[in-house]
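This report describes a protein chain from its overall dimensions down to single residues. Please keep the sequence and the model open while reading.

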Amino acid sequence: MKSLVPHAITLAVSALVATSGIAADNSAVTPRAENPYLSQVDAAARSARVSNVAYVLDFTLTGQETFSNTTTVNFDLQDNAQPLTLDLDKASIKRLVVNGKPVAAPQYNNWFITLAAADLKAGRNSVTVEFERKHSTNGEGLHRMVDPVDGRVYTYSHFEPAAAHQMFALFDQPDLKATYQVNVSAPADWTVVSTARESKVEDVASSPDTRRWTFPVSKILSPYNFSLHAGPYKVWEDATSAKYPMRLLARQSVADQVDPAPWFEYTRQGLAWFDDYFGIPYQYGKYDQLLVPDFLYGAMENAGAVTFAEHSFLHKDKMSSAEKHELASVIMHEMAHQWFGDLVTMQWWNGLWLNESFASFMGTLATAEATEFKDSAWQYFYAQGKSAAYVMDQRVTTHPIETPVPSTANAFDNIDAITYSKGASTLKQLRHLLGEETFRKGVHNYLVKYQWKNARLDDFIGSQAEAAGRDLGQWTQDWLYQPGVNTITASYSCKAGKVDAFRLQQTAVAQFPTLREQRVQLALMQKTGKQLTISRVLPVTYKGASTEVAELKGAACPDLVYPNYQDWGFVKAKLDTRSFATARQDVSKVDDKLLRTMLWHSMWDNVRDGALPLNEFLDTVLLNAPLEKDYVLLGDVLGKMGQSIRYLRTMSSDGAYTRTVVGRLEKMAWAQSRASKGDFQRRWFSAYLGTAGSQESLQRIAAMLDGREKLAGLTLSQDVRWDMIAVLNRKDYPGAEARIAAEQAKDKSDSGELAAVAAQAARPDAKVKQEWLAKIGDTQSKLPFSRIRTAMHALYPSSQVALNEQSAAARLAQLAQLDKSAGPVFMRDYAGAMIPATCTAASVQRLADSAQANPGLSAGTRRALLVAHQEDQRCLAIRKALTVKLN
């Protein structure tokens with residue numbers, strides 16, 4: 001299978017070059033494919049004919065399962081030689097009028113309406129569609145949720161990549177920007193939010209319980225950037241004299257879990273910083289942010305009305321530093337999109353990476369320069385984003401940053417850490433290469449030139465090249481159109497305590513042989529007493545397989561060399577033998593916390609590559625983790641410890657070594673939980689729950705839940721209580737199942753419902769597993785998708801390999817059928833959670849056979865299957881590298 005990958009990517013890049021300039025030949029128009037998706041070819045043909053689009057949208061929302069809408073779309077049409085399609089999903093059409101003429105029998109296939117050529121005209125056209133439709137319940141379209149606490153109904157919209165046609169009739173593609181004038185009839189106690197602030201709210205005389213909301217014509221937007229949200233939301237308004245009015249909205253039942261102060265503070269800081277950096281003021285007049293339930297992603301950059309996932313940003317305890325950072329960074333990310341994505345938008349979905357990469361880079365830069373996280377924003381970026389991109393870029397499914405997207409079915413196939421963090425890292429490197437002010441000038445010029453329009457990668461690169469006065473063609477080819485990550489290693493020799501020769505060696509894997517030019521910094525370190533101190537820092541531009549660094553000849557022979565100091569480059573830094581030994585023994589003695597973070601990642605890379613035995617890595621954790629005083633890095637190290645435990649439990653949950661070392665880690669985590677305070681204590685206690693497995697730890701957790709034992713300083717918030725109950729249920733501790741119902745009686749929130757689902761699904765009971773498998777596999781299930789996806793991710797913890805194996809073959813056998821019937825939203829979660837990989841040679845072969853037998857899987861599901869196969873192989877390699885016996 002691996003041998004096919006480079007050829008596939010070559011073909012993909014060739015296809016991109018052929019289609020990067022969208023054009024359409026209307027003389028050879030073929031009918032649009034009868035499926036739910038829009039191809040790039042059909043989108044190009046439509047945008048070549050249609051322009052100057054304006055929507056008038058009239059909604060009637062009652063809180064019931066269905067809503068009604070009347071869409072009027074006005075547009076210019078270049079010709080009426082061919083029919084034209086208008087996107088609308090699964091609606092009951094009541095009336096269709098084209099240019100004043102009622103259409104008695106609309107040509108409608110549940111995905112799009114075909115407007116007859118005879119009803120159209122060259123020039124200005126007007127189409128009105130009146131319909132009813134069910135609300136969505138899977139997080140797309142106009143989503144509806146009934147709050148289990150108080151029965152209130154909440155709705156919100158989510159359209160990316162192409163789901164606006166689940167809410168109204170339109171041309172659902174990013175390069176047909178439009179204006180939107182919205183009118184909404186809604187229950188009297190509801191608040192309605194859209195891109196612009198409402199211009200009028202009136203009581204409806206004929207319906208005393210209804211109010212009519214009128215919104216002015218919006219700015220020009222791509223469909224996926226428009227939004228509408230309605231429900232009895234709690235509303236907080238910023239009381240300061242900020243430049244732009246700001247509001248925060250959340251459900252009534254969770255309002256006490258929201259502290260609006262940091263939301264408004266970070267938003268004010270961000271708007272001021274971005275106004276200054278871009279040199280173009282924020283364009284949408286007001287800035288609303290909404291916490292919404294059942295959200296599929298982290299947040300969404302709807303112009304002027306940004307939505308955030310409740311599960312990430314509601315807190316039942318005082319916010320930790322990590323939670324505050326997450327809030328600040330996501331606010332900044334979505335805010336960057338208001339310019340880069342909303343104001344200037346990609347032409348087609350192959351450009352989505354540039355939106356996300358730019359927002360990831362600019363969001364981190366803004367967090368570092370405008371908020372309290374000046375000292376840690378780039379450290380978080382490295383630990384949480386960039387490290388994931390390194391992993392993704394070494395997988396069999398790696399891809400260029402810029403990839404073709406044949407249709408909307410494929411828009412999210414390659415939305416991953418390569419799209420976000422590798423892309424952001426390349427922009428960071430470009431900024432180093434061109435200089436900060438040159439890069440900023442290029443961004444400003446790009447935004448000015450293409451504001452309110454659509455643009456392509458070449459337009460952005462062209463603006464940067466013009467600002468820099470240099471050709472960026474080769475840089476673009478190497479970084480954006482070629483997949484894979486390079487490795488650099490310091491190769492040096494010493495004589496009489498001095499460096500005699502020093503070179504940087506760059507390598508690439510055989511499948512992706514591109515060697516790149518890049519500017520990095522070398523750091524040379526010496527042991528001095530109890531510290532490892534930096535003796536020399538040298539910026540170096542390297543290219544090709546070997547670059548001599550003559551400036552270091554005669555320098556003191558280092559104990560450790562790190563070839564990407566301060567993380568300028570996107571490159572895998574492999575430590576030389578001397579440096580590797582020093583890092584393993586003395587990583588906690590490195591004063592620079594970002595460098596310390598990167599050294600831990602280098603060691604973890606060696607574990608994943610099979611070069612460092614996992615048991616020796618855990619010895620390093622046991623030695624150094626208790627000494628770690630940086631909060632961000634501690635979380636990273638404990639995360640790697642948790643992944644190590646998952647590897648061991650998958651290999652042999654009851655093996656002697658697993659029991660012994662996890663027991664040592666458990667004791668370490670408990671001791672540090674007792675010795676630490678505040679955020680550090682919370683972090684260590686969370687790690688303790690991840691290690692818990694001994695009878696002593698389970699008894700302690702039960703006692704703490706009952707109030708019979710306490711940990712001084714630790715508040716058992718409702719979320720922590722559920723985490724503890726989940727541990728007891730995974731381990732089938734006596735009485736654990738009864739605790740689920742008892743806790744649910746006290747916590748009737750939707751988050752409590754989901755926590756109960758997770759705890760129940762994780763029970764080591766074959767009957768429980770079969771019951772949940774039946775519910776998950778039922779594509780007609782009436783259960784909310786939020787519960788289904790929660791069960792998927794909880795069903796097979798690493799310690800339950802035997803139970804996982806019982807249904808493994810059956811799950812793989814039904815994968816193709818489920819892939820065809822369930823849809824991409826469902827399959828993104830299912831494929832990521834339910835494909836069985838149990839770290840045995842038989843499991844690896846089973847996955848290879850499944851990949852061979854199912855060539856017709858959707859691109860996203862096939863990627864997940866190939867990744868599962870590769871990671872199962874990796875687990876075997878890690879197992880083989882152990883220098884201790886598991887059993």
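The model is predicted: local features need pLDDT of at least 70, side-chain atom pairs count only at pLDDT 80 or more, and totals for chains, interfaces and linings use all residues. Residues are numbered from 1 along each chain as its sequence is written, and side-chain values use heavy atoms, with hydrogens and water left out.

**Whole chain**

The secondary structure comes to 28 helices and 29 strands; these are DSSP runs, numbered from the N terminus, with at least four residues (H or I) for a helix and at least two (E) for a strand. The C-alpha atoms fill a box of roughly 90 × 70 × 60 Å along the principal axes. A compact globule of 887 residues would have a radius of gyration near 29 Å, and the chain has 28 Å, which agrees. That radius is taken over C-alpha atoms, and the globule rule is 2.2 Å times the number of residues to the power 0.38.

Buried residues make up 59% of the 887 residues, where buried means under 20% relative accessible area, exposed over 50%, and partly exposed in between (1.4 Å probe, protein chains only). Of the contacts with a separation of 6 or more, 71% come from residues 24 or more positions apart; a contact means heavy atoms within 4.5 Å.

**The sheet**

Eight strands form an open sheet with mixed pairing, in the order E5-E4-E8-E2-E1-E11-E14-E13. Its edge strands, E5 (101–102) and E13 (200–204), each pair on one side only. Two strands count as paired if DSSP finds at least two bridges between them.

| Strands | Sense | Bridges |
|---|---|---|
| E2 (residues 66–77) and E8 (residues 123–134) | antiparallel | twelve bridges |
| E11 (residues 178–187) and E14 (residues 207–214) | antiparallel | five bridges |
| E13 and E14 | antiparallel | five bridges |

E13 and E14 form a hairpin with two residues between them. Trp 213 in E14 is the bridge partner of Val 184 and also of Val 201.

**Asn 69**

Asn 69 lies in strand E2 and stands opposite Phe 131 in E8. Asn 69 is buried, with a relative accessible area of 2%. Its side chain reaches the backbone oxygen of Asp 58 at 3.3 Å and makes a polar contact with the side chain of Thr 71 at 2.5 Å. A polar contact is a pair of N or O atoms within 3.5 Å; within protein, one must be able to donate a hydrogen and the other to accept it, and residues adjacent in sequence count only if both atoms are side-chain atoms. Leaving out residues up to four places away in sequence, Asn 69 touches residues including Leu 57, Val 129 and Met 167.

**Helix H8**

H8 (residues 417–434) has 18 residues and should span 26 Å at 1.5 Å a residue; its end C-alpha atoms are 24 Å apart, which agrees. The expected span is 1.5 Å times one less than the number of residues. In H8, 15 of the 18 residues are buried. Asp 416 caps the N-terminal end, with a side-chain oxygen 3.0 Å from the backbone nitrogen of Ile 418. Just after H8, Gly 435 takes a positive phi of about 100 degrees.

**Ala 303**

Ala 303 sits in the loop between strand E19 (299–300) and strand E20 (305–309). Ala 303 counts as buried at 0% relative accessibility.
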